[in-house]
Structures are given as C-alpha cells and as structure tokens.
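I opened this notebook to record, one entry at a time, what I looked up in the structure shown here. The entries go from single residues to the chain overall.

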Amino acid sequence: MKTIKNVLPLLLAGSLAACASNTPTAAQSPAIKQDTAQGIVWRTDAGKTLYTFAKDTQGQSNCYGPCAEKWPPLMASKDATAAGVFSLVTRKDGSQQWALNGEPLYTWIKDKQAGDTTGHGVKNVWFAARADDVPVKVYQKEGMNVLTDTAQISLYTFDKDSAGQSNCYQKCATLWPPLMADNDATASGPFTTIKRDDGGQQWAMNGKPLYRWIKDKQAGDISGDGVKGVWHLATLAM
C-alpha cells in the first residue's frame, strides 16, 4: 500500500503535465512561408499557394459560386482567433475565412504542388499573397507578365543604371519615379533593395532598379516601354 501511495501522485502529476502540454497557449498561424520563383509567399499546410482577390473589399469576400469552386476560400474553424497578420472575415453563410491584413485568402485549383504560383496574375485580379515587403504585382498583357507596383502601374528598368546602382536623379527621377523601399523592408526571390545616392532605398529586380513612368496613368499602360531606347518594361517569368 505504501508503494501505491507513492505512485499515484506521480501518475496524477504526469497526467496533468500531459494535459497542459496539449493546451494551446497562443493562436496558431493558418499559413506557412514558401520560397517560390516570385519570392516568399504564404501557403497552406498542404502546400497550396495562397492568393488575394482584387474584387474583394477590405474584410469581405466577393468570391462565391463558380468563383469559389476555382478559388477555394481558406476556411477557418468556428473557434479560430486572429493571429498576427492573419484575421478572420465572415462569409455570407456565416462561416469564417482567413484573411491577410484584411484581404480574404484563397487557393487555386490549378496549383498542384508546393511552390506553384500559376494563379498569380490570372485575369489581372488574382495575386499571390506575399510574405515579404516587396510591393509588386503583375499585369498580363500582350503575352507578357508586366511587373507592376501594388496599384498595377507598370514598372521599368533603365539601361544607364549599373547593377545595384541607380543613375536616375533630379529631372530623370521626376519623370521616372523610383519604386522606393523602407530602410528595414524584407526582400526575397529576385527582389532586393539598393541604396540611392540621395540616401533613399529603392526596390530592384535581379539587381536592376525599378521605376514608374509619369505618363502611365492606369493599369495596363505601357507607354514608357522603349522611351529613348533606354527604358524597358520589367517583366517576370511565371
């Protein structure tokens, strides 16, 4: 009996410890970071790249019916709670969907394996959910994947730049505004930041500084391509 008295407290303590170890102590992230040809994006546990939809409004999904069949929403359990940059939106049927900074998240039925980003740029409204600070999207036009800023204004490179060095300042930079970066911005994939001579940080792709063209006014405009033979559209292989 004395032996049993000594063992029972130990068993009880072990059981309590096991229960404690299975109790979540913090909200779990619904996504994992994945390296791709576009840079680091968010994906599901199953390896599916996550996307945002330009026709959604902040905190609200507008993808239902046939849309949701092709772009399955990233659903959340009823007891899910917000975690970091991930929040929750309520769908029309009352179910919950994960969102990234308020933008609802989806997968794409044509992505087959981890790292696939075949949905990026589809109909110029679907974009991979980036897990870095790179402020770019794409615009599909004339068989090209034109690199754009987040407003889908086309981006360009300048032949007179050298690798990792901008040579566009003063009047040039007024006509061709650099795509500026925060000093602590996180880059990935083909994207980096470079230090300008004026002290600012600028985004670059494959070492080439990126710029907009003052005469491009809306998504799909590419009027800067070929200007003076030294300005060219920045394009991205998909």
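Predicted model: local features only at pLDDT ≥ 70, side-chain atom pairs only at ≥ 80, totals over all residues.

**Entry on Asp 132**

I began with Asp 132, which I found in the loop between strand S8 (126-128) and S9. Setting aside the neighbours within four places in sequence, I listed its contacts as Ile 40, Thr 186, Ala 187 and Ser 188. For Ile 40 I also looked up the C-alpha separation from Asp 132, which is 6.3 Å although the two residues are 92 apart along the chain.

I then asked which polar partners the side chain of Asp 132 has, and I found a polar contact of 2.4 Å with the side chain of Ser 188, as well as an approach of 3.1 Å to the backbone nitrogen of Val 134. The side chain of Asp 132 also meets that of Arg 130 in a salt bridge, at 2.9 Å from N to O. Is Asp 132 buried or exposed? I read a relative accessibility of 11%, and because buried means under 20%, Asp 132 counts as buried.

How many salt bridges does the structure hold? I found three, and I took up the remaining pairs in turn.

The side chains of Asp 149 and Arg 212 meet at 2.7 Å, N to O. This pair links distant parts of the chain, since Asp 149 sits in strand S10 and Arg 212 in the loop between strand S15 (208-209) and strand S16 (231-233), 63 residues apart. I recorded Asp 149 as buried at 6% relative accessibility, whereas Arg 212 is partly exposed, with a relative accessible area of 25%.

For Asp 198 and Arg 196 I read 3.3 Å between the closest N and O atoms. Here Asp 198 is exposed, with a relative accessible area of 52%, while Arg 196 counts as buried at 3% relative accessibility.

Why do I describe strand S10 (residues 144-149) as largely enclosed by the rest of the structure? Five of its six residues are buried, so the description follows from that count.

As a general remark, nonpolar side chains tend to be buried together in soluble globular proteins.

**Entry on Ser 154**

I next looked up Ser 154, in the loop between S10 and strand S11 (156-158). Ser 154 counts as buried, at 1% relative accessibility, and its side chain reaches the backbone oxygen of Asp 221 at 2.7 Å. Beyond its neighbours within four places in sequence, its contacts include Leu 147, Arg 212, Asp 221 and Leu 233.

**Entry on Thr 36**

I placed Thr 36 in strand S1 (residues 32-36) and recorded it as buried, at 13% relative accessibility. A polar atom of its side chain lies 3.0 Å from the backbone nitrogen of Gln 38, and the side chain of Thr 36 also reaches the backbone oxygen of Gly 39 at 2.7 Å. Leaving aside neighbours within four places in sequence, I found Thr 36 in contact with Val 41, Gly 115 and Thr 117.

**Entry on the whole chain**

Last, I looked up the totals. The protein chain has three helices and 16 strands, and 46% of its 238 residues count as buried. Among contacts with a separation of 6 or more, 59% join residues 24 or more positions apart. I read the accessible surface as about 13,000 Å², with 53% of it belonging to carbon and sulfur atoms.

Definitions and conventions
Residues numbered from 1 in each chain as written. Heavy atoms only, no water. Helix = DSSP H or I, 4+ residues; strand = E, 2+ residues; numbered from the N terminus. Buried < 20%, exposed > 50% of the residue type's maximum accessible area, 1.4 Å probe, protein only. Contact = heavy atoms within 4.5 Å. Areas by Shrake-Rupley, 256 points an atom, 1.4 Å probe, with all protein chains shown as cover. Salt bridge = Lys/Arg side-chain N within 4 Å of Asp/Glu carboxyl O. Polar contact = N/O pair within 3.5 Å; in protein donor to acceptor, adjacent residues only side chain to side chain.
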